[in-house]
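Let's take a friendly walk through the charged contacts of this model. Have your viewer ready, and follow along pair by pair.

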Amino acid sequence: MQEDRMDSIMQAEATPRPCPQKGRWKGRMALAGASLAFVLGAAHFFRSGQHGLSFVCLVWAGLLWRPAAWLRRSAAVFLLGLAAEWGMTTLALARWRLQLGQDWMRMVCILGAVAVLTLLAAAALRSRACRQDEDPGPRAQTLACLLVSALLLLLDGLRPDLLLLHRLVPGWGAVQALLAGLWAGLVYGWLADRRRAPLWRRRIWLLFSCVFFGQLLAGIFLHSLFLLQGVPHLPVPGLILAGPLYRGGGALFMPGLFALSLLLVGSAWCSHLCYLGVWDARAADTGPRSGRGVPAFWRKVRWVMLVASLFLPLGLRLAGLPWPWALVLALALGLALLPCALWLSRRLGIPVYCCGICPLGLTANLLARLSPWRLRRNGRCTGCGACARACRYGALRLDGTGKVTGPDWRCTLCRDCMSVCRQEALEIRCCGQAGAWVEQALICSLSVLHTLFLFMGRV
């Protein structure tokens with residue numbers, strides 16, 4: 001027995017082991033090759049006058065040295081796009097030289113070699129030697145970064161006037177696409193940290209609201225280029241429904257965007273993307289946590305406000321009331337109620353404006369039934385009530401006997417309850433399916449929508 005053990009030890013010692021220093025050296029060489037490919041791409045774009053894309057390549061040449069898996073995956077995809085750009089440039093120049101009767105073979109060999117080296121750099125960036133020092137991360141984080149960058153780059157090619165940075169510095173829309181993609185990746189990482197997700201959600205939600213109103217004020221008092229349409233619109237959520245009814249159709253951009261958001265992320269619009277809801281939520285966070293839910297009185301008021309926001313604009317339109325009067329009424333029903341709602345939110349510990357006044361929030365709760373996302377309890381629930389005390393929207397409640405009821409249709413998918421549940425008895429489901437990939441898909445969708453709303457021009 002002792003001899004067999006000694007033989008196994010000697011055989012293990014005789015087996016060659018990979019040298020960590022050698023693997024680290026190979027990884028650094030792969031990173032250096034990828035950085036060189038980006039620098040060559042920057043020189044190409046700079047020579048062609050596309051300074052924004054040149055800046056993007058230089059930024060990626062430095063970012064890929066960060067040991068984050070989602071950054072290096074994204075850099076590899078950008079290298080593939082850069083190789084395609086080299087290939088298309090080679091074909092265009094070869095065709096042009098053939099038409100002029102000039103020598104083209106040498107140029108094709110040089111640029112073709114650069115394209116091949118760029119492809120090899122992308123492959124080396126995802127090699128085992130390059131991945132050994134990476135911080136692990138889900139692929140959905142990379143997807144969020146690439147989706148946002150691709151959508152804004154496509155928009156930069158089709159409608160560059162929709163990007164604020166292009167309006168300020170023509171030709172630099174690609175830089176905005178890069179920054180937006182990186183921000184989407186960071187937001188995903190923050191929201192995926194379940195324990196700290198409530199804190200990060202409120203921070204990025206507050207940032208979005210500050211940028212929204214800051215750009216609106218800049219468009220009103222500084223220059224109209226800060227506004228997407230050049231004309232300011234009242235920042236009252238209820239006007240998304242009431243505005244088209246009063247005008248009799250047209251200007252359906254905001255209702256369409258709202259409907260698309262509900263389809264993609266459900267009622268999470270209320271807890272992540274509403275520019276007024278964040279202030280109501282912050283006020284409610286300073287109040288008591290009873291877990292009893294929203295009082296029935298405020299739920300009834302919410303229905304009354306929804307009916308008023310639907311029929312009052314039609315009445316004003318039929319009565320022929322001029323738009324200044326309609327503007328005053330909109331301000332009275334929208335912004336004027338906000339200070340009172342914030343005061344009540346602090347006292348009651350519930351977001352009164354969101355749960356008792358805002359008609360758009362009720363619409364989101366109702367139409368969110370068409371979305372596939374749901375929050376459900378599983379068999380691990382012990383009924384401790386921590387989730388009900390964390391829920392500010394009344395979707396999870398403690399009844400008279402202390403039992404937890406819900407979540408119901410008022411859930412906004414804020415996931416605050418999931419962060420306090422020690423038994424992991426709450427889970428996100430999509431079309432009845434549960435698992436880590438479902439929650440990752442929801443976080444990816446939220447990261448993409450938040451970033452697009454943040455980086456797009458205000459309306």
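**Salt bridges across the chain**

Start with Asp285 and Arg202, whose side chains meet in a salt bridge at 2.6 Å, N to O. Asp285 sits in helix α14 (residues 277-285) and Arg202 in helix α10, so this pair ties together parts that are 83 residues apart in sequence. Helices here are DSSP runs of H or I with at least four residues, strands are runs of E with at least two, and both are numbered from the N terminus. A salt bridge means a side-chain nitrogen of Lys or Arg within 4 Å of a carboxyl oxygen of Asp or Glu, and by this rule the count comes to 9.

This is a predicted model, in which local features need pLDDT of at least 70 and side-chain atom pairs count only at pLDDT 80 or more, while totals for chains, interfaces and linings use all residues. Residues are numbered from 1 along each chain as its sequence is written, and side-chain values use heavy atoms, leaving out hydrogens and water.

Now turn to Glu439, which bridges to Arg415 at 2.6 Å, N to O. Glu439 lies in helix α22 and Arg415 in the loop between β3 (404-405) and α21 (416-420), so the two link parts that are 24 residues apart in sequence. Glu439 also forms a salt bridge with Arg194, the closest N and O atoms being 2.4 Å apart. Arg194 belongs to the loop between α9 (173-192) and α10 (197-221), so its pairing with Glu439 joins parts that are 245 residues apart in sequence.
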